Protein chains: 2
Amino acid sequence: MTSSTRIVLASRPTGAPTAENFRTETVDLPEVGDGQVSLKTLYLSLDPYMRGRMSDAESYAEPVEVGETMVGATVSEVIESRSDAVSVGAVVLGYTGWQSHAVVDASSVRVLDPEKAPVSTALGVLGMPGFTAYSGMTKIGQPKAGETVVVAAASGPVGSAVGQFAKIKGARAVGIAGGPEKCAYLIDELGFDAAVDHRAPDFKDQLKAATPDGIDVYFENVGGAVAKAVLPRLNLYARVPVCGLIAQYNDTQAPEGPDRLPGFFTRVLTKSLTIRGFIQSEFVPELYKDFLRDVAEWIEDGSFRYREDVVEGLEHAPEAFFGLLEGKNFGKLVVKVA
Amino acid sequence: MTSSTRIVLASRPTGAPTAENFRTETVDLPEVGDGQVSLKTLYLSLDPYMRGRMSDAESYAEPVEVGETMVGATVSEVIESRSDAVSVGAVVLGYTGWQSHAVVDASSVRVLDPEKAPVSTALGVLGMPGFTAYSGMTKIGQPKAGETVVVAAASGPVGSAVGQFAKIKGARAVGIAGGPEKCAYLIDELGFDAAVDHRAPDFKDQLKAATPDGIDVYFENVGGAVAKAVLPRLNLYARVPVCGLIAQYNDTQAPEGPDRLPGFFTRVLTKSLTIRGFIQSEFVPELYKDFLRDVAEWIEDGSFRYREDVVEGLEHAPEAFFGLLEGKNFGKLVVKVA
């Protein structure tokens, strides 16, 4: 019988999550049933949305219950199979969460081709974060040649894909990131036209200098102070795909006034702005095949680059996750589990 | 030589405009040049957007300069013509503003057919307000059968068209208006499914009762307290065309906190909302012909009704305009000038 080491939600956080909100357990897994596979986790993806799952506030997805295994996408090796569709030894993408092993229905996993790309990319550039960027830009951002696209958390998996997508479409890509090292990476490695350090005291002036013609697309994945500086620079007919608000996830109450919402609506009106929230799953039926084809091609021809921040050992997942919420990772954060 | 009595902007208002912000003058008009027409104003349209033109805050249109005639759409009779395209006696739609007479290029007016519809409708249901409703609902609101559409200022020219458009598309129409008389009109005359009085002390509860399945389209033309009650009731994938914010036009500063903007973005994200500001002119090239055809047909078959609130005499325009900003008009507000 296989056992699994897993990290469960011990309690719901108030504000920033801490180590006390997690608990590690070891459990015996059930027998592998008909049509099922037993998996050994190779990589676990850590993503900002997981903060939302720790809370029971109404959201687009059900929260993780206290005592349940934390959810998450994984890349795993099949160690036992009672399915004709998936063989032992295959590497698969699944959603088995923060644990070392799992038994799941074979229909819930997708077999990866390790020849095509490193398997961990199925959690990043060729997975959910990459598709968030691709679908949000294709359906909502719709950058045109010569327009200016701004994205924050720009060295992360979504932001870096957004900027490179903008470049491929002929737009000017401006990335916002924390610290000079990440900013240099945006320019030197990813080909952004400008990079702005949101930690710099003159952040607002830097942003202004980097967007002399205003902003046509703001890909919103952070909120907070960055959004506050960006929104007044939006041009007529600007588009704002909203896929995340990491800077606000730990907020426990609305910030002090004045109330900026009425003024924001005035701006929406006078600039004919489009603000559109989305979760990438909305666009999977329509766009996922195009995404896999296009991004694989762009990686091959060098127009799409990515970076991974690999943490070793499942036991370090909580700490790595806290760092993610503070912007400490550099590239797509994955935990090497096995 | 013809003279014109005109109302000019005497000074810019702070907060609500007052009589002191206007001044009446009589001026001699120039000779009618080649390709020009001389017009006698029959009807002047009064619309909320005019409040924006009185201020020099950045907006989608240039402000009226102090000392200039207040702008506005008009229906006029041609009293002299030096254009082959427009004959003396014709009734035309123009943009000659708050004045009794004007000399303009014939190319700037559109000849109306008084047989087809009362000429004043070119300022309302068959004009800019009607097209604001038609284009905003066609391009952004996109109501589907069975969905719930909410609109405020619902007895006004835009709101009444929005609700009736929703009904034609098979959606449930909920109107918000000020006072029981207007609410009764929405149900009894316009065929709305429900009406909610925003002046009632239990407004929020009334709104909740009128929208048991939440709200799929909120056509935003008021902002303020109404928007505050509506926004939390928006459903997944709800659309919010934003064409006006009359409740906020006289605001001189941002309201006190808490700051609701971050929470609003959280709602945009978790509900995959679409917020889209627009000015009807954006959609004129694409949709104006369809609009004239469809609405004329709907008026004829009885599925589209409208109401006018006619004020006699140009000298009463300022007072009528102040009332408009307070919701005192009942139906499309026009001034009968000649």
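User: In this predicted model, how many positive and negative side chains does chain A have, and how far apart do the centres of the two sets lie?

Analyst: In this predicted model, chain A carries 32 positive and 44 negative side chains.

User: What helices and strands does chain A have, and what is its radius of gyration?

Analyst: Chain A has nine helices and 15 strands, and its C-alpha atoms fill a box of roughly 65 × 45 × 35 Å along the principal axes. For 338 residues the globule rule gives 20 Å, and the chain comes close to that value, so chain A is as compact as a globular protein of that length, with a radius of gyration of 20 Å.

User: What share of the residues of chain A counts as buried?

Analyst: The accessible surface of chain A comes to about 14200 Å², and 49% of this surface belongs to carbon and sulfur atoms. As for the residues themselves, of which there are 338 in chain A, the share that counts as buried is 56%.

User: Is helix H2 of chain A mostly covered or mostly uncovered, and how many of its residues are buried?

Analyst: Helix H2 of chain A runs over residues 128-141 and is mostly covered. The buried residues of H2(A) include Pro129(A), Phe131(A), Tyr134(A), Met137(A) and Ile140(A). Of the 14 residues in this helix, the number buried is eleven.

User: Which residue just after H2(A) takes a positive phi?

Analyst: The helix H2 of chain A covers residues 128-141. Just after H2(A), a positive phi of about 40° is taken by Gln142(A).

User: How many disulfides are there over all chains?

Analyst: A disulfide needs a pair of cysteine sulfur atoms within 2.5 Å. Over all chains, the count of disulfides by this rule comes to zero.

User: Which cysteine has the sulfur nearest to that of Cys183(A), and is Cys183(A) buried or exposed?

Analyst: Cys183(A) is in no disulfide, and the nearest cysteine sulfur, 19 Å away, is that of Cys243(A). Because buried means under 20% relative accessible area, Cys183(A), with a relative accessible area of 9%, is buried.

User: Where does Val311(B) lie, and is it buried or exposed?

Analyst: Val311(B) lies in strand E14 of chain B, which spans residues 308-312. With a relative accessibility of 18%, Val311(B) counts as buried.

Definitions and conventions: Residues are numbered from 1 along each chain as its sequence is written. Chains are lettered from A and ligands numbered from 1 in the order in which they are written. This is a predicted model: local features need pLDDT of at least 70, side-chain atom pairs count only at pLDDT 80 or more; totals for chains, interfaces and linings use all residues. Side-chain values use heavy atoms; hydrogens and water are left out. Buried means under 20% relative accessible area, exposed over 50%, partly exposed in between (1.4 Å probe, protein chains only). Helices (H or I, at least four residues) and strands (E, at least two) are DSSP runs, numbered from the N terminus. The radius of gyration is taken over C-alpha atoms; the globule rule is 2.2 Å times the number of residues to the power 0.38. Accessible areas come from the Shrake-Rupley method with a 1.4 Å probe; for residues, only the protein chains shown count as cover. Lys and Arg count as positive and Asp and Glu as negative; His and the chain ends are not counted. The place of a charge is taken as NZ of Lys, CZ of Arg, CG of Asp or CD of Glu.
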